[in-house]
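Here is a short briefing on one protein model. Look over the sequence and the fold, then read the points below.

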Amino acid sequence: MTAVRVHHYAVDPAGLEQLLARRTELIAGIRSGFPGLQETRLTRLDDGTYQDVWRWETAELRDAAIAASAAFPPVAQTLALTHDATVQNGDIIDER
C-alpha cells in the first residue's frame with residue numbers, strides 16, 4: 001500500500017529560498033540512499049504555512065528512511081529553517 005509522510009510547518013519568508021535549496025539536497029540524498037520515494041510535493045497554504053507531502057511505495061520503505069534520517073545532516077539543516085512543525089504518517093486508501 002502506498003504510504004505518505006505529511007509535514008506541516010512555517011518558514012520565515014527570508015529563509016524560504018534557503019529552505020528550497022536544502023530541501024532539494026535532502027530529497028536527492030534520500031533518493032540516492034533509500035528506495036521507494038515516489039514523489040514529494042510542497043504546497044504553500046492560504047495561511048502562509050507549508051504542507052510537504054512525501055509519497056512512498058510502502059510504509060516499510062518510508063519507515064526505514066525515517067529511522068536512518070537522524071544520521072543524515074541535511075535533515076537537521078532543513079528542519080532548522082522551519083518552525084511550528086508537525087508530522088503525520090498515513091496510508092493512501094483511495095485515489096481517483
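A residue counts as exposed when its relative accessible area is over 50%, and as buried when that area is under 20%. D84 has a relative accessible area of 62%, so D84 is exposed. V4, at 11%, falls under the 20% cut-off and is therefore buried. The model is predicted.

- β1 and β3 pair in the antiparallel sense over 7 bridges. In this part of the sheet, A3 stands opposite W56 in β3.
- β1 also pairs with β4, again in the antiparallel sense, over 8 bridges. Here A10 stands opposite H83 in β4.
- β1 is mostly covered, with 7 of its 9 residues buried.

**Helices on the sheet**

- Which residues of helix α2 are buried? In this helix, residues 59-69, they are A59, R62, A65 and S69.
- What do the buried residues of α2 pack against? Their partners are β1 (3-11), β3 (50-56), α3 (73-79) and β4 (82-91).

**V4 in β1**

- V4 is found in strand β1. With a relative accessible area of 11%, V4 is buried.
- Leaving aside neighbours within four places in sequence, V4 is in contact with V53, W54, R55, R62, Q88, N89, G90 and I92.
- One of these contacts, R62, is also among the buried residues of α2.
- V4 and L37 are 33 residues apart along the chain. Their C-alpha atoms are separated by 9.4 Å.

**D84 in β4**

- D84 has its place in strand β4.
- Most residues other than glycine have a negative phi.
- The phi of D84 is near 55°, a positive value in a residue other than glycine.

**Largest pocket**

- The largest pocket holds about 350 Å³ of space.
- It is lined by 18 residues, and the closest to its centre are R5, H7, L26, W54 and V75.
- The elements that give two or more residues to this lining are β1, α1, β3, α2, α3 and β4.
- Which element gives the largest share of the lining of the largest pocket? That element is α2, with 4 residues.
- W54, listed here among the residues closest to the pocket centre, is also one of the contacts of V4.

Definitions and conventions:
Residues numbered from 1 in each chain as written. Predicted model: local features only at pLDDT ≥ 70, side-chain atom pairs only at ≥ 80, totals over all residues. Heavy atoms only, no water. Buried < 20%, exposed > 50% of the residue type's maximum accessible area, 1.4 Å probe, protein only. Contact = heavy atoms within 4.5 Å. Pairing = 2+ DSSP bridges. 1 Å grid on protein atoms, 1.4 Å probe; cavity = no way out; pocket = protein on both sides within 12 Å on 5 of 7 lines; lining within 4 Å. Points joined across faces, edges and corners; volume = space filled by probe spheres on them.
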